[in-house]
Amino acid sequence: MTLTRTQGGPVPSPDGLYERLVEFEGKTAATAGTGKDPVNLPMIRHWCEAMGDTHPAYRGPDAVAPPTMLQAWTMGGLSGHTDRSSAYDELFALLDGAGYTSVVATDCEQEYLKPLRPGDRITFDTVIESVSALKTTKLGAGHFVTTRTDVRADGELAGTHRFRILKYAPAGRPRGPEREARASGGGQGARAAGPQAEARRPRPVINRDNAGFWEGVAEHRLLIQRCGDCAALRLPWLPGCADCGSGVWDTVEASGTGTVFSYVVMHHPPFPAFDPPYAVGLIELAEGVRMISNVVGVPYDKVRIGMPVRLEFLRVDEELELPVFRAGEED
């Protein structure tokens with residue numbers, strides 16, 4: 001039995017875990033945090049190059065920062081921040097102790113109130129906005145934790161960033177005392193781990209804006225949107241053109257050739273249906289657009305920036321086929 005929310009309020013859980021979790025709602029996670037650097041042109045340039053964003057508003061003497069960089073100015077880097085409160089660590093320790101030891105970011109929401117300009121000094125405050133009741137997902141059961149960060153430029157509110165993560169116990173992995181018993185070799189289920197082969201990859205979210213892309217994948221075609229007014233190409237699919245705002249578009253089929261523009265090697269956390277370590281690449285297609293996909297055909301530690309790749313389609317189960325990129329020159 002677990003605590004759930006109803007119209008009449010929360011239902012108590014026998015172990016009292018959820019009651020303790022919701023006590024953290026409204027508590028401060030960071031107070032008077034300070035951006036390690038003021039808003040600056042080099043960071044704006046690097047961001048735009050990585051994103052392929054060539055909008056003129058982000059260049060020149062009157063440049064502003066892309067709004068989507070809002071969180072970038074608050075990040076602590078590898079050395080971290082020293083202004084985080086103990087409440088955030090206590091919340092995570094409580095979840096870890098209950099067996100919800102894995103974490104995955106699920107989504108973020110941003111609200112922009114004023115443009116950020118080079119020279120702006122960034123400060124921020126973060127609050128633990130909500131902790132969900134126990135939710136069951138394909139990854140496993142866990143609790144969603146949402147934090148809200150108010151970002152200020154020279155003391156004036158510039159935007160709000162909500163970040164949501166799932167703290168969960170991976171499906172098939174026991175929690176709490178049961179997990180500890182198995183780890184120490186006790187209990188009849190100590191060796192009863194579910195076979196990895198039964199795990200299925202998460203399904204892509206298909207909606208009216210990207211359904212045509214996935215229809216193309218089913219036909220072994222990688223389709224790129226093309227604006228009907230300015231002819232700009234875009235990938236991933238969007239309802240409107242980022243360059244001119246037009247909602248008119250058609251598609252062109254990618255040739256299938258490209259290069260590794262950037263990549264990461266995933267070691268942790270382990271997810272069902274994935275076998276780390278593996279390489280995830282940001283692929284620059286010959287047409288000039290970029291997409292994220294797996295790099296296959298070479299060991300993960302042999303992937304390099306600039307490596308030529310070619311499109312192929314990988315069937316991962318009886319229902320799902322995905323575009324991936326095989327390293328090597330075109331035949």
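## Model and confidence

The structure is a predicted model, in which local features need pLDDT of at least 70, side-chain atom pairs count only at pLDDT 80 or more, and totals for chains, interfaces and linings use all residues. Residues are numbered from 1 along each chain as its sequence is written, and side-chain values use heavy atoms, without hydrogens or water.

The average pLDDT (the predictor's confidence in each residue, from 0 to 100) is 85 for the protein, and 86% of the residues score at least 70. Residues 1-12 stay under 50, with 27 contacts (heavy atoms within 4.5 Å) beyond four places in sequence. Residues 173-197 also stay under 50, and the model gives them 22 such contacts. Where pLDDT is low, the predicted coordinates should not be read in detail.

## Second largest pocket

The second largest pocket has a volume of about 700 Å³. Of its 23 lining residues, Gln 71, Arg 84, Tyr 88, Thr 149 and Phe 163 are the closest to its centre. A pocket here is an open set of points on a 1 Å grid over the protein atoms alone where a 1.4 Å probe fits, with protein on both sides within 12 Å along at least five of seven lines; lining residues have an atom within 4 Å of a point. The volume is the space filled by probe spheres set on the points, which are joined across faces, edges and corners.

Strands S3 (28-34), S5 (122-131), S7 (140-153) and S8 (156-170) and helix H3 (86-97) each supply at least two lining residues. S7 gives the largest share, five residues. Helices (H or I, at least four residues) and strands (E, at least two) are DSSP runs, numbered from the N terminus.

## Ends of helix H2

At the start of H2 (residues 41-51), a side-chain oxygen of Asn 40 lies within 2.9 Å of the backbone nitrogen of Met 43. Just after H2, Gly 52 has a positive phi of about 70°.

Notes. Polar contact = N/O pair within 3.5 Å; in protein donor to acceptor, adjacent residues only side chain to side chain.
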